[in-house]
Each structure stands twice: as C-alpha cells, then as structure tokens.
Amino acid sequence: MAKQITHNKYIVILSLSLAGFSVISISILLKGVIGEVLTQVDNTFYTQFLNVRERIGQDTEPVDSDIVIVGIDDRTLNKLGAYNPMEYRKYHIAALENIIKGKPAAVVFDILFGDPHQDLEVDRGLAGAMRSGPVFSVFFGAANDRSEGAFTSFSQKIPADDKTGYVSENGFERMSPPILEALTSVGLANAYPDHDGLIRKMPVFFKSNDRLYPTIALEIYRHIMGIKREDIQIKKRRVIIGETTIPVDESCRAYVDIDNSYRIREVPFYDVWKGRLPARYFKDKVVFIAATATALGDNKLVPLYGYIPGVLIHANLLLNLKNNAFIHEISGKLYYFLIFLTSFFYTYIYYSRSELSTVKKLMGYLSNVSLATKARKALMKLPAVDSAAQAFRIARDRHYGLRLFFLLFAEARKRIEPLLLHLVLLYVALFLLFYFFHLFIKPSAIFIQLLIAYITVSEFKRVDFAEIS
C-alpha cells in the first residue's frame with residue numbers, strides 16, 4: 001500500500017509539472033504577446049546582471065588591452081573643421097603613414113570609403129599608404145547592391161547542412177576600387193539592434209546571395225592568428241576559429257561582452273595626423289580609426305553603458321575573440337528541457353513541503369537568531385515599551401479592521417515566505433552562473449515556472465477528491 005501511495009504521488013507531481021510546463025512553453029512557442037513580454041523581462045535581467053557584475057569588479061584595476069582607437073573626436077573637428085568624408089580622406093594618408101611607422105598588428109578603418117574621390121590622386125595616395133602595412137576597412141550591407149560583386153572574394157560558401165537563419169542583406173554599398181585593391185582584407189560593420197533599440201549581439205557572419213561574409217572583428221582576428229578562411233568551422237550554434245569557439249544564436253549572432261576589465265585607449269585623430277605620438281606607441285597594437293564625436297552620429301545604444309561610439313562594439317568583440325571570453329546562452333530544446341526540470345523540481349518541493357520542512361526550519365532558525373528578534377525582546381523588557389505594546393494589543397483586539405489586517409498579513413507571510421526565499425535563491429544561482437561561467441540562462445520563464453508550480457500545487461491540495469468517490 002505504501003508503494004502504491006508513493007507511486008501515485010509521483011504520478012500527481014509529474015502531471016502537475018507537465019501542466020505548469022505547458023502553460024509557459026506553449027506561450028513562448030506561439031511567440032505572441034507573452035513571448036515578447038518574456039523577452040523584454042529577460043533583457044532587463046541581462047542588463048541587471050551586467051550591472052551587478054560591474055559593481056562587484058569596480059575596484060579591480062583594468063588591464064591595458066592591445067587596442068587603440070584613433071578617434072575623430074570633438075578636438076579633431078575643432079582643428080580640422082566639420083567632418084566631410086571626402087575632405088578628411090586626404091588627412092587619412094598622413095595619419096596612416098604615422099601609424100604604420102610603429103609596425104602595428106593591424107590598422108582598421110571603421111569608415112566607409114564609398115565613392116571614389118574627385119581627385120584620383122587622393123585615393124592613390126591613400127592606397128599607397130595602405131599597401132605598406134596590414135590595413136583593413138569595413139564595408140556595409142544594404143538593401144540595394146551597389147558593389148557589383150566586389151566583395152565576393154572575401155566570402156565563403158554556406159555549408160551544405162547548415163540551417164542557420166543568418167542575418168541577410170541583398171547586397172552592399174560600393175567601395176572606391178583603388179582603396180579596396182590596396183586593403184589586406186575587409187569585414188562587415190552592420191550592427192542590428194533588438195526590438196527595444198539596444199545592441200546586445202553582433203552577427204559573426206552575414207548572408208548575401210547564398211554566401212557568407214565575416215564581420216570585421218572576425219576578419220581581423222583571423223588575420224592576426226594566421227587562420228585560413230576555409231578553416232573556420234560553422235556548426236550548430238557555434239563558430240570555431242582556431243582555438244576559439246564563438247557561441248552564437250539561431251541567427252549566427254554573438255553577445256558582445258563589453259567588459260571594463262580591459263582598457264581601450266583612445267587618442268585624437270588630430271594628434272596622430274600631426275605626428276605628435278611616437279611611432280612605438282602603435283607597435284603590435286590593433287588600431288581602429290573611427291568617428292567618435294557625438295555629432296557624427298555613429299553612436300550605438302547598448303545595455304548598461306547607454307550610447308557609445310560604434311567602433312567600441314567592434315573593438316570589444318575583437319577582445320572577446322582574443323580572450324575567448326564570450327557569454328554563452330542556453331537556448332533551443334535544452335532551454336525547454338531546463339524549464340521542465342524547474343517545473344518538476346518546484347512542483348515536487350511544494351507538493352512535499354509538509355513532509356520536507358527544510359525551508360520552514362530555516363526561516364524559523366533565522367527568525368530566532370536574528371539581531372532584530374533579540375533587540376525586540378530587549379525592548380519589550382522596558383516599562384515604557386511594554387505599556388505601549390499592551391495598549392496596542394488592546395486597540396487591535398477591539399477593532400475588527402485591525403484584527404482582519406493582521407490575520408491577512410500573517411496568512412500572506414506564511415504563504416509567501418517560502419516562495420520569496422526560493423525566488424531569491426534562484427536569482428542568486430543564475431547570477432553566479434553568469435558571473436563565474438559566463439552563462440546566461442534567461443530567467444523570466446524559470447521564475448514564472450516556479451510561481452506556477454507553487455500555485456498549481458496549492459490549488460490541487462484544496463480539491464476534495466473524496467467527493468469523486
């Protein structure tokens with residue numbers, strides 16, 4: 001008989017778990033309003049995790065990275081005049097020559113060299129400077145192709161068994177032919193925000209006309225590490241390049257982990273153009289040349305840090321690659337399995353709460369040893385406090401409203417205490433996984449599954465099954 005009762009217990013728990021799991025999983029799969037709400041809640045938790053992580057590590061001294069940004073900043077604009085791409089192209093010649101003297105690991109123009117310059121000598125001069133070192137530039141995907149296939153040589157075929165839903169464009173903006181021919185390589189610069197306007201992820205590969213094009217950070221890393229393009233492996237939710245594995249989502253996008261533990265130095269473009277920095281400053285560095293002045297509009301909205309220059313997204317993605325430091329995310333079938341385990345675990349805990357009173361014992365222990373309880377007992381021994389407490393109890397006992405309030409308060413606390421404790425412990429566990437293992441488990445569905453398990457078990461235990469007999 002005991003075995004039959006235990007057997008029935010687990011059947012009930014499994015049934016309740018499946019019922020609770022179905023509520024949230026079907027809502028997510030339908031991708032309706034609930035799915036959108038959960039996504040926004042998860043994004044909020046992600047930002048909060050970043051914020052807590054930064055607060056914990058705020059006393060840690062940042063490590064100098066090997067990345068330098070030569071920024072077209074406000075000082076540069078004041079010295080050289082308002083930014084005009086064609087006018088500034090001639091300034092890039094001298095600035096690049098000064099950088100190349102220092103033998104950098106790579107120089108990256110986060111600038112669109114679109115139409116040829118009216119003065120062909122400017123493009124030829126810039127191309128000549130580019131040939132003297134490892135120089136890269138970005139190009140941009142576009143709805144209408146203006147490139148005439150100029151970037152096909154920098155692409156690769158999509159693997160035959162690859163079912164990834166890549167971010168795609170119909171074509172690309174053009175690039176001045178003399179400049180394109182002089183570059184070591186190119187990579188895409190497109191960044192796509194989420195529905196709330198924030199950029200959390202960057203596409204590692206883009207798709208256009210059934211070919212894949214790398215983002216600029218990936219192409220720089222490939223060159224620095226000496227990895228051939230054909231040796232990059234694209235597997236399910238992973239891009240493997242050398243010893244680095246990039247976790248990606250269903251669209252081949254990776255989280256850009258902007259981590260202040262690495263210092264990225266920025267110097268004014270004007271000072272570089274004037275040759276005021278010694279050449280050795282750029283030795284073995286990856287040098288990004290980009291617009292950083294707020295007025296130039298190349299600012300992107302990211303979690304925690306607000307608006308930042310777009311070049312910082314590429315620079316931080318490159319740092320993630322160099323340090324193999326990516327934020328992983330459990331998704332797909334594994335995430336739904338995790339939700340079901342959560343549903344089963346908490347259904348079991350709440351169903352067996354009267355038998356397994358660990359939470360109740362813990363709360364009682366904390367209440368007995370707390371300083372607040374000891375202070376309350378000490379205060380109650382004072383005559384003035386004791387008389388006031390007696391007067392309060394008399395007033396409470398005389399008034400129906402006060403009695404009802406304290407009764408409801410006591411009942412609510414008795415029911416909510418275990419739930420809140422589990423929520424806090426679950427939040428801490430998810431954050432610790434994020435902090436130590438760089439693993440982001442979207443919390444909203446997990447939290448809701450906990451709540452559903454509590455409600456489902458509570459309502460189930462109120463049913464009088466004797467009426468069926």
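Visitor: How do helix 4 and helix 5 lie to each other, roughly parallel or roughly antiparallel?

Guide: This is a predicted model, in which local features need pLDDT of at least 70, side-chain atom pairs count only at pLDDT 80 or more, and totals for chains, interfaces and linings use all residues. Residues are numbered from 1 along each chain as its sequence is written, and side-chain values use heavy atoms, with hydrogens and water left out. The axes of helix 4 (residues 85–100) and helix 5 (residues 120–130) cross at roughly 15 degrees; angles under 35 degrees count as roughly parallel, over 145 as roughly antiparallel, 65 to 115 as roughly perpendicular and the rest as oblique. Helix 4 and helix 5 are therefore roughly parallel.

Visitor: Within what distance do the axes of helix 4 and helix 5 come?

Guide: Helices (H or I, at least four residues) and strands (E, at least two) are DSSP runs, numbered from the N terminus. Axes are lines fitted to C-alpha atoms, for helices over the stretch in contact, and angles run from 0 to 180 degrees between N-to-C directions. For helix 4 and helix 5, the axes come within 9 Å.

Visitor: Which residues of helix 5 meet helix 4?

Guide: Contact means heavy atoms within 4.5 Å. Helix 4 brings R89, K90, H92, I93, L96, E97 and I100. Their counterparts in helix 5 are V122, D123, G125, L126, A129 and M130.

Visitor: What is the bridge partner of V107 in strand 3?

Guide: Strand 2 (residues 106–110) and strand 3 (residues 135–139) run parallel, joined by three bridges. In strand 3, V107 pairs with V135.

Visitor: Which residue in the turn between strand 12 and strand 13 has a positive phi?

Guide: K235 stands opposite R238 in strand 13. Two residues lie between the strands of this hairpin. The positive phi, about 60 degrees, belongs to R237.

Visitor: Is S251 buried or exposed?

Guide: S251 sits in the loop between strand 14 and strand 15 (253–255). Not counting residues up to four places away in sequence, S251 touches T164, G165, Y166 and V167. Buried means under 20% relative accessible area, exposed over 50%, partly exposed in between (1.4 Å probe, protein chains only). At 19%, S251 is therefore buried.

Definitions and conventions: Pairing = 2+ DSSP bridges.
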